[in-house]
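Student: I have a structure open and I'd like to learn how to read it. Can you walk me through it?

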Amino acid sequence: MAKVITIANQKGGVAKTTTAQALGAGLKDRGYKVLVVDADPQGNLSSSINAEVYNCATIYDTMTKKTPVKDVIQKLEAFDIVPANIIFAGIEHKLMVEPGREFRLDETVIIPVVDNYDYVIIDTPPTLGILTMNAIMAADEIIIPTTASIFAAAGIEQLKMFADSIIPYRKRGELKYNGILITKYNPRTTVSKELKKFTEELSKVIGTKIYDTYIRFSVAVEEAQVQKVDIFSYAKNNIAEDYTFFVDEFLKGASD
């Protein structure tokens, strides 16, 4: 049975999609069976990995019970993916009046295929709405990417409060905060160093760890997305090296 990992932070621009993509590709490279679920209506993860997003069934069709998830999954070189496109933006309105709406992602996307994979990774939108709620309800663990900025750090507290408010209604077991991953980091600036310390203190408050690995800022992320390949396939560069260490650290924690 797969371990379900949700990548979340209600602050935008903190590399949630890049982290979901890199974790999925890194685990696949190490021989694991991986499914990545694009639960963000922007569909950036799907586009960046060259998934088909038009003239095909997507996560919207599965969550509205039109198409079984097995007929939506695309098998790509980097990993298997449940894609999304802008039509998915209508799902919140669609689910608003439906009972059990907070479990729709788990029931229609995750549970039917959970025995087919080692890891399922869910990318989320930068909001604390019904989609992020669904991703938390479906998760075994949460990884929180954050930049070394005061606003992104505040987003961590807001995410924790939001998750804690819905945890009592989960159907799964205990939710684990796997850790906070600092991204787009510039170790040469004083403000980054100070905010990194602040984030480390915040991690103690919410009861999770800061990953020893931090992801340096690099234009290679945007370049890889333009080429529609994962960061490891694009080039050997600093950010690929950082995410390699992150995946190794993640797996070490999973085995401890």
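**Reading the model, one feature at a time**

Tutor: Let's start with Gln42: at 48% relative accessibility, this residue counts as partly exposed. Buried means under 20% relative accessible area, exposed means over 50%, and partly exposed is in between (1.4 Å probe, protein chains only). Gln42 sits in the loop between β2 (34-38) and α2. Its C-alpha atom is 9.8 Å from that of Thr124, 82 residues apart along the chain.

Student: Before we go on, what sort of model is this?

Tutor: It's a predicted model, where local features need pLDDT of at least 70 and side-chain atom pairs count only at pLDDT 80 or more, while totals for chains, interfaces and linings use all residues. Residues are numbered from 1 along each chain as its sequence is written, and side-chain values use heavy atoms, with hydrogens and water left out.

Student: How many helices and strands does the protein have?

Tutor: Eleven helices and seven strands. These are DSSP runs numbered from the N terminus: H or I with at least four residues for helices, E with at least two for strands. The radius of gyration is 17 Å, close to the 18 Å that the globule rule gives for 256 residues, so the protein is as compact as a globular protein of that length. That radius is taken over C-alpha atoms, and the rule is 2.2 Å times the number of residues to the power 0.38. Along the principal axes, the C-alpha atoms fill a box of roughly 50 × 40 × 35 Å.

Student: And what share of the residues is buried?

Tutor: Buried residues are 57% of the 256. The accessible surface comes to about 11,400 Å², and 52% of that belongs to carbon and sulfur atoms. Those areas come from the Shrake-Rupley method with a 1.4 Å probe; for residues, only the protein chains shown count as cover.

Student: How do I read contacts along the chain?

Tutor: Contact means heavy atoms within 4.5 Å. Of the contacts with a separation of 6 or more, 80% are between residues 24 or more positions apart. Take Asp123 in strand β5 (residues 119-123). At 0% relative accessibility, Asp123 counts as buried. Leaving out residues up to four places away in sequence, Asp123 touches Ile7, Lys16, Thr17, Ala20, Val37, Asp38, Ala39, Asp40 and Leu45.

Student: Some of those belong to a helix. How do I check a helix's length?

Tutor: The expected span is 1.5 Å times one less than its number of residues. The 14 residues of helix α1 (residues 16-29) should span 20 Å, and the end C-alpha atoms are 20 Å apart, which agrees.

Student: Is α1 mostly covered or uncovered?

Tutor: Mostly covered, with twelve of its 14 residues buried. Among them are Lys16, Thr17 and Ala20, three of the residues that Asp123 touches. Now try α6 (residues 130-138): nine of its nine residues are buried, so this helix is largely enclosed by the rest of the structure. Buried residues in α7 include Ile156, Leu159 and Lys160.

Student: What about backbone angles?

Tutor: Most residues other than glycine have a negative phi. Ala15 has a positive phi near 75 degrees, in the loop between β1 (3-7) and α1. Ala15 counts as buried at 15% relative accessibility. Asn50 has a positive phi too, near 70 degrees, in the loop between α2 (44-48) and α3 (59-63). After α1 comes Gly31, with a positive phi near 95 degrees.

Student: Last one: how far apart are the mean positions of the positive and negative charges?

Tutor: They are 1 Å apart, for 29 positive and 33 negative charges. Lys and Arg count as positive, Asp and Glu as negative, and His and the chain ends are not counted. Each charge is placed at NZ of Lys, CZ of Arg, CG of Asp or CD of Glu.
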